[in-house]
Amino acid sequence: MTALQMNAEMLRNLSIIAEDEKLLKRAVKYLRKLAAEKQTDPTAFSQKDFFDRIENARNQPGRQFASVEELDQFIRSL
């Protein structure tokens with residue numbers, strides 16, 4: 001579902017509850033909570049940062065393991 005479709009769906013649902021003040025208050029309260037979550041999300045970063053991280057990872061030398069046991073030992077050491 002695209003952002004445009006989700007926006008349309010949200011507006012359709014809001015139009016359904018538009019006459020009920022109690023439901024609208026609940027919706028606004030929840031939307032404020034979601035907005036605050038987005039602002040404080042430590043994992044959120046811009047699209048540019050995302051692609052910069054990918055590019056940096058591509059430039060890092062890779063690791064190779066001679067056996068599954070060696071790989072397992074490496075993963076357990078992290």
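Which side chains meet in a salt bridge with an N to O distance of 2.8 Å in the pair that includes Arg-76? The side chains of Asp-72 and Arg-76 do so, a salt bridge being defined as a side-chain nitrogen of Lys or Arg within 4 Å of a carboxyl oxygen of Asp or Glu. The structure is a predicted model, in which local features need a pLDDT of at least 70 and side-chain atom pairs count only at pLDDT 80 or more, whereas totals for chains, interfaces and linings use all residues. Residues are numbered from 1 along each chain as its sequence is written, and side-chain values use heavy atoms, with hydrogens and water left out.

The pLDDT, the predictor's confidence in each residue on a scale from 0 to 100, averages 89 over the protein chain, and 100% of the residues score at least 70.

Five salt bridges are found in a search of the whole structure. Side chains of opposite charge can pair when their charged atoms come close. Asp-72 and Arg-76 are separated by about one helical turn because they stand four residues apart in helix H4. Asp-72 is partly exposed, with a relative accessible area of 34%, while Arg-76 is exposed at 66%, where buried means under 20% relative accessible area, exposed over 50% and partly exposed in between (1.4 Å probe, protein chains only).

In helix H3 (residues 47-59), Asp-52 and Lys-48 are likewise four residues apart, about one turn of the helix, and form a salt bridge whose closest N and O atoms are 2.8 Å apart. Asp-52 is partly exposed, with a relative accessible area of 32%, and Lys-48 is exposed, with 58%. Within helix H2, Lys-25 and Glu-21 lie four residues apart; their closest N and O atoms are 3.5 Å apart in the salt bridge, and both residues are exposed.

A nonpolar surface patch of about 460 Å² is made by Met-10, Leu-11, Tyr-30, Leu-31 and Leu-34. Helix H1 (3-17) and helix H2 (21-40) are the elements that give two or more residues to this patch, and H2 gives the most, with three. Patches are made of residues with over 30% relative accessible area and no salt bridge, like charges being joined within 9 Å and nonpolar side chains (Val, Leu, Ile, Met, Phe, Trp, Tyr) within 5 Å. Met-10, which lies in helix H1, is partly exposed, with a relative accessible area of 38%.

Terms used
Accessible areas come from the Shrake-Rupley method with a 1.4 Å probe; for residues, only the protein chains shown count as cover.
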